Amino acid sequence: MKILTKVPKYIILLTFFIMQTQQADSQVMMQNDQSIPDRKWWKEAVFYQIYPRSFKDSNGDGVGDIKGIISKLDYIKKLGVDAVWLNPIYASPNYDNGYDISDYQSIMTEFGTMDDFNKMLKGFHDRKIKVIMDLVVNHCSSNHKWFKEARKSRSSKYYNYFHWWPAENGVPPKRISFFDENANGWKYNKETNSYYLHYFAAQQPDLNWENPVLRQEIYKMMRFWLDKGIDGFRMDAIAFISKDIKFPLLPPEYNGNWAHYYANGPFLHDYIKEMNTEVLSKYDVATVAEAEGSVEKVIKFVDPANHELNMAYHFEGVELGYLPNVYKRVDPNGYNLLEFKHIYSKWDSAFSVKGWGTIYLGNHDQPRMLTRWGNDTPEFREVSSKMLTTFILSMRATPYYYFGDELGMNNIKFDKIDDYNDIELLTNYMQVKQKGGDLKRFMEDMKISSRDNGRTPFQWNTSENAGFTTGTPWLKINPNYKYINVESEEADSNSTLNYFKKMVGLRKNNLTLIYGSYHMVDENNPDVYAYTRELNGNRYLVVLNFKPRVSILTVSFKYDHLDLEINNYPDKPRLNDEHELILKPYQSVIYKVSK
Ligand code: ISL
Ligand code: CA
């Protein structure tokens, strides 16, 4: 105090000023850190996936639509997310809910008009939210003009837009369809006396990428959307576009895993490179591949040296815990957390060398993440949902967060087959039935794994039909909307919704959580997934208890060096003298490590 009084006032003020500026500088430097190579908006963004059919219905027909999305733009903005991915909104007869496109350049009648689309895009952009759209070009709809013409005659100029097997060559070599009640990937077409290929439903004929004219049509269509100002594409089933068109017999080693055989065909990367040269390289947009297969195969899409796409997602994580050779039957013993940790660490390290990854647990092809990876019983619903959110938003990869997961929505678990809508489920049901299989068992399995669990309408409030529609919803609404809904959760500071917003804020304000290196802590711990994220001297410790019981993590940090940033419980975990951090069931915390 004495010394201070002797120092002239202006020096004190100056010192104070310098200290303030330094502090501010270090914060700005943190955000504009030059030492991070290759910063990109799409690496730093949190993506929010919207399944438009189930988000918000504006006209009472029971189907979500674009005007519905427009009416909820402020909700999306308040989440703090930077970008949205919209599932297909193009004209479609909806055998596979928009993944069967009959006109790539018009809007599905049920969803609205091009004018609505333009307004929606502007609405997002006015709020500084980017929009990426689904690009579904492995197949189109059998109602597309191309296919309607092609199937009339072998001499149609569109015939060669598709893959055919002439009947004079006999029955085509076996190809299994993912969505066909006879599991047959070929369908006979009388007018041309040939079979067309469909890896997905018979209403989804595969496009022939060998044909350069078809490829140019696709590129033209992509430019149409990019010129409108959309910010990128999520490329559906993109690994399947190139095929061995000699259609050899299926190698026996792929028995049960046709997807691996069908994917990554001989010219796949030539086509994507061409797409990049002709279209993508001309725009500053984000692209994400729905990839398939091993690290080596997936990495090819995103290796910057290849000039193809920006990001890819893998299936290894979400496929964990299914029993082999049975259709999507979750192992009753649950999944092994050590394997889970191993898979996500493996992919993190692959993408840390080349390209950039994505992280997700839920999407429109998955059941609700809470039911599948957390615990949807009343006791653990909220904590386990927050724990999974913490995981998705603290990894080194772009998060693709599925709408409704921020509310802690869970599987609806239908009892009756009539309640289901999904073509995949319905065709699988028929297959089990035809083979005289155990339908009861199938229905039980589907309560956990079916895609419709992730597609039930969004829960806005406690009014009838959850405020989603004034009509009859296209798919039943989970009756728990009475307490799991936006309105109730906005009012509750402790809700999963408010936790999500907080976690988004934490990620976005810390480049360390985006770009920082990743190292597992107590790697062989079978109950707790913990890792550090570190960048330029900043370090975070993420701790996730994946179990419905008290679990212990061994750490080497001193407790007074750990500053709590976020916690899904009111109580802090206790650290004992044995360096053990004691976590409540599903407890998740993030600490800033100060030394
Ligand atoms: O959903 C799956 C398994 O349940 C996957 O095998 C899925 O079919 C595959 O990932 C391709 O998915 C994409 O294309 C399909 C469509 O049904 C999916 O919704 C889409 O994400 C066909 O267009
Ligand atoms: Ca509607």
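Q: Where in the chain does Asp-38 sit?
A: First, keep in mind that this is a predicted model. To place a residue, look for the elements on either side of it. Asp-38 lies in the loop that runs between α2 (9–31) and α3 (41–44).

Q: Is Asp-38 buried, partly exposed or exposed?
A: Here you compare relative accessibility with the cut-offs: under 20% is buried, over 50% is exposed, and partly exposed is what falls in between. Asp-38 comes out at 45%, so it counts as partly exposed.

Q: Now the helices: how do α10 and α11 pack?
A: Read the angle and the spacing of the axes together. For α10 (residues 268–278) and α11 (residues 295–302), the angle is about 20° and the axes are 10 Å apart. An angle under 35 degrees counts as roughly parallel, so α10 is roughly parallel to α11. The crossing of α10 past α11 is right-handed.

Q: Which residues make that contact?
A: Go through one helix at a time. From α10 come Leu-268, His-269 and Ile-272, while α11 brings Lys-297, Lys-300 and Phe-301.

Q: How many of the contact residues are nonpolar, polar or charged?
A: Sort them by type: the α10 contact with α11 has three nonpolar residues, one polar and two charged.

Terms used: Residues are numbered from 1 along each chain as its sequence is written. Chains are lettered from A and ligands numbered from 1 in the order in which they are written. This is a predicted model: local features need pLDDT of at least 70, side-chain atom pairs count only at pLDDT 80 or more; totals for chains, interfaces and linings use all residues. Side-chain values use heavy atoms; hydrogens and water are left out. Helices (H or I, at least four residues) and strands (E, at least two) are DSSP runs, numbered from the N terminus. Buried means under 20% relative accessible area, exposed over 50%, partly exposed in between (1.4 Å probe, protein chains only). Axes are lines fitted to C-alpha atoms, for helices over the stretch in contact, and angles run from 0 to 180 degrees between N-to-C directions. Angles under 35 degrees count as roughly parallel, over 145 as roughly antiparallel, 65 to 115 as roughly perpendicular and the rest as oblique. A crossing is left-handed if the near helix is turned anticlockwise from the far one by less than a right angle, and right-handed if clockwise. Contact means heavy atoms within 4.5 Å. Ala, Val, Leu, Ile, Met, Phe, Trp, Tyr, Cys and Pro count as nonpolar, Asp, Glu, Lys and Arg as charged, and the others, Gly among them, as polar.
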